[in-house]
Amino acid sequence: AWLAIAVILALWLAAPSRLSWARRAVVVLGAVMILPNVTAMEHGSLQLPAFFAADTYRNYLSPNEIVLPIPFGQRPGGAQEMIWLAETDMYFRVAGGHVGWVPRVDQVPVTRSLISNQPGSIDPGDLQVFLVTHHVGAIVVGGAYASQWAGLLETTLRTQPVEVGGVQLYLVRDGVGVPVPGPGPSSGIP
């Protein structure tokens, strides 16, 4: 449709006649429309937690382990999991990992609540199903989100997290939390 509109406008502008005010307005409007939106290029500052910056994650996560990151998704302040992945050279995988639209199979209440950062709207049983279905081995909660998500995660997983490197870490097996071992070579999930 846009190509057809562009061709029609080009033919109209190329027609032999005096350049009327309408034609001038179309040209100016077209020029304005292709200017970049510099305000959309502004980025907030990103603080990479020491858990990832100092390679601490290697002591707690196994290679290719599936992690549920919080914050989750593409809302403002979200998609940090993509930065975490990039900084770790894709050491782990992410449950979700959507950078645009969410596939229909993942459009469930838990995913919507994760994206909108609303832990109070998630049923602990639904979260357990999500963790099992997505084979989640660990949940990594960014420091600013820890207190907001602690109640739901501690209730669902029946365990306390370990605070390490600016994140809270919960290890998961079969939708239930497991004690987080101290740092060591690839502690991972037993």
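Q: What does "buried" mean here?
A: Buried means under 20% relative accessible area, exposed means over 50%, and partly exposed is in between (1.4 Å probe, protein chains only). This is a predicted model: local features need pLDDT of at least 70, side-chain atom pairs count only at pLDDT 80 or more, and totals for chains, interfaces and linings use all residues. Residues are numbered from 1 along each chain as its sequence is written, and side-chain values use heavy atoms, with hydrogens and water left out.

Q: How much of the protein chain is buried?
A: Of its 190 residues, 38% are buried.

Q: What are helices and strands, and how many does the protein chain have?
A: Both are DSSP runs, numbered from the N terminus: helices are H or I with at least four residues, strands are E with at least two. The protein chain has seven helices and six strands. From the N terminus on, their order is α-α-α-β-α-β-α-α-β-α-β-β-β.

Q: Which residues of helix H4 are buried?
A: Helix H4 covers residues 80-87, and its buried residues are Gln80, Glu81, Trp84 and Leu85. Look down the axis of H4: these residues fall within an arc of 145 degrees, so they line one face of the helix. The arc is taken from the directions from the helix axis to the C-beta atoms.

Q: What does that buried set pack against?
A: Contact means heavy atoms within 4.5 Å. The buried residues of H4 pack against helix H3 (50-53) and strands E1 (66-70), E2 (93-94) and E3 (138-142).

Q: What is a nonpolar core, and which residues have the most contacts in the largest one?
A: In soluble globular proteins, nonpolar side chains tend to be buried together. A nonpolar core is a set of buried Ala, Val, Leu, Ile, Met, Phe, Trp, Tyr and Cys residues joined through side-chain atoms within 4.5 Å. The largest core here has 24 residues, and those with the most contacts inside it are Leu68, Leu114, Leu127, Leu131 and Ile139. E1, helix H5 (109-115), helix H6 (124-133), E3, helix H7 (146-157) and strand E5 (167-173) each supply at least two residues of this core. H7 gives the most, with six residues. A second, separate core of 18 residues includes Tyr60, Tyr91, Ala138 and Val167.

Q: Which residues of H7 are buried, and what do they pack against?
A: The buried ones are Ala146, Trp149, Ala150, Leu152, Leu153, Thr156 and Leu157. They pack against E1, H5, H6, E3, E5 and strand E6 (176-178).

Q: Is Ser113 buried or exposed?
A: Ser113 counts as buried, at 7% relative accessibility. Ser113 is in helix H5. Leaving aside neighbours within four places in sequence, Ser113 is in contact with Gln118, Ser121, Ile122 and Trp149. Ser113 and Phe72 are 41 residues apart in sequence and 9.4 Å apart in space, C-alpha to C-alpha.

Q: Is Thr56 buried or exposed?
A: Thr56 is buried, with a relative accessible area of 18%. Thr56 is in the loop between H3 and E1. Beyond neighbours within four places in sequence, Thr56 is in contact with Ala50, Phe51 and Val164.

Q: What share of contacts joins residues 24 or more positions apart?
A: Such pairs account for 64% of the contacts in the protein chain with a separation of 6 or more.
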